[in-house]
Amino acid sequence: MKRRSFLSTAVVSLSAAFSIFNTPFRALGIAGETRRVRPQAPAPSSSTGSRRFESENFVFQPLDDGVYCAVSRMGGPGGSNAAIVINQDWVLVVDAHIRPSAAREVIGGIGRITPLPVRFVVNTHFHNDHTQGNQSYFGTFPKGVEYISHVNTRRDIVEKAIPRVREEMARIPADVRNTKLQMETARDDREKLRLKAELNDIQSYLEELRGVNITLPTITFDSSLLLPGSRPIELHNFGRGHTTGDVVVFLPNERVLVTGDLFLGPHIPYAADSYPSEWIAALKKTLQLDFDQVALGHTAVVRGEEARAQMQRLIAFMEDAVSHARDMVKAGKSLQAVIAAIDVSRYKDHFANWPTHGEPLIARAYAEAAGKQ
């Protein structure tokens with residue numbers, strides 16, 4: 001494929017995306033042709049063994065033999081985590097970060113685990129911090145990488161993620177100027193050092209953003225997708241939630257779940273593109289899966305009954321927000337009345353990011369109830 005700028009690639013990929021149909025998998029509810037192959041005999045994992053190791057910006061945490069979560073360091077340039085699954089003769093990666101350089105770093109980590117090529121990259125949803133690194137896999141494995149997403153995610157990358165790239169490229173130069181001005185007026189040496197590091201990060205991100213080529217999903221599905229091989233890999237969409245097309249990846253034999261940003265353990269996910277009432281239903285269906293470990297879209301892996309308890313707390317908070325929002329909208333009350341009506345004390349100690357993410361989710365529930373989303 002000829003490499004193009006991020007704007008033209010989006011248009012070209014729209015017409016080409018469904019021309020790549022040589023991938024062995026079985027799909028339920030796939031958009032387009034359903035491909036079937038003869039069952040493959042189970043084979044041992046090609047992993048060289050599970051061991052924890054680190055790179056500059058990621059901690060590669062083993063979840064099972066040949067299953068890892070590349071956890072992005074807090075404040076690092078990765079922007080999101082990635083899950084890595086080694087199958088019979090290929091590798092599946094879940095999510096691709098905000099920077100192509102972060103994806104290349106994860107590719108380097110995969111090379112320390114196995115010599116097998118990456119065959120599939122799953123985008124759990126359309127947000128740029130999970131998709132802008134897609135191109136790094138295409139560039140490294142140009143003969144065999146397929147990008148999988150829900151059908152709505154592919155649409156949202158075109159209609160929402162690409163415009164946001166344009167917006168960021170227009171906004172960041174002003175951020176650079178403002179940070180330089182703050183450096184000039186800062187009196188504290190530590191503050192100057194902090195601003196210098198911030199400026200370097202902003203400038204390096206802008207430089208990468210200028211070279212981003214949007215790589216769209218080549219395979220989409222509606223409800224469920226099964227990838228056969230030495231270990232079963234299930235992909236599910238349980239309806240709209242964090243976005244219109246969230247995908248969870250489930251390894252039933254290993255009891256490992258990968259949730260993207262549909263569920264973030266002790267954190268409230270970003271809610272600006274969400275559908276809280278439907279998100280509740282999606283989480284309840286996710287909770288029915290027999291998982292023991294959860295690789296999240298951000299922050300550390302969560303495990304066992306605590307992981308389930310955290311998901312139940314998020315559901316309870318959302319149910320409270322949705323119920324109050326509906327009642328208040330019917331009564332003609334304001335958003336602030338909804339926020340005041342919810343018993344914050346029940347939730348604020350359970351969510352690490354309550355001060356920044358609590359009210360936005362309530363506001364989204366209010367907008368949903370008022371028909372303004």
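Predicted model: local features only at pLDDT ≥ 70, side-chain atom pairs only at ≥ 80, totals over all residues.
Residues are numbered from 1 along each chain as its sequence is written, and side-chain values use heavy atoms, with hydrogens and water left out. Local features need pLDDT of at least 70 and side-chain atom pairs count only at pLDDT 80 or more, while totals for chains, interfaces and linings use all residues.

**View 1. Helix H7 runs from residue 304 to residue 330.** Helices (H or I, at least four residues) and strands (E, at least two) are DSSP runs, numbered from the N terminus. H7 has 27 residues and spans 40 Å from its first C-alpha to its last. That is close to the expected 39 Å, where the expected span is 1.5 Å times one less than the number of residues. After H7 comes Gly-332, with a positive phi near 75°.

**View 2. Here is the largest nonpolar core, with 39 residues.** A nonpolar core is a set of buried (under 20% relative accessible area, 1.4 Å probe, protein chains only) Ala, Val, Leu, Ile, Met, Phe, Trp, Tyr and Cys residues joined through side-chain atoms within 4.5 Å. Phe-263, Leu-283, Phe-291, Val-294, Phe-317 and Leu-361 have the most contacts inside this core. At least two core residues come from each of strand E11 (248-251), helix H6 (276-287), strand E13 (293-296), H7, helix H8 (335-341) and helix H9 (354-369). H7 gives the most, with 10 residues. Zoom in on Leu-283: leaving aside neighbours within four places in sequence, Leu-283 is in contact (heavy atoms within 4.5 Å) with Leu-262, Phe-263, Met-311, Leu-314, Ile-315 and Met-318.

**View 3. The largest pocket has a volume of about 970 Å³.** On a 1 Å grid over the protein atoms alone, a pocket is an open set of points with protein on both sides within 12 Å along at least five of seven lines, and lining residues have an atom within 4 Å of a point. Among its 32 lining residues, Gly-79, Ser-80, Ile-98, Asp-129 and His-298 are the closest to its centre. The largest share of the lining, 3 residues, comes from helix H4. The lining divides into 9 nonpolar, 15 polar and 8 charged residues.

**View 4. The largest cavity holds about 40 Å³ of space.** A cavity is a set of grid points where a 1.4 Å probe fits but cannot get out. Its lining is Asn-81, Ala-82, Ala-83, Val-94, Asp-95, Val-258, Ala-295, Leu-296 and Gly-297.

Note on methods
Buried < 20%, exposed > 50% of the residue type's maximum accessible area, 1.4 Å probe, protein only. Points joined across faces, edges and corners; volume = space filled by probe spheres on them. Nonpolar A, V, L, I, M, F, W, Y, C, P; charged D, E, K, R; others polar.
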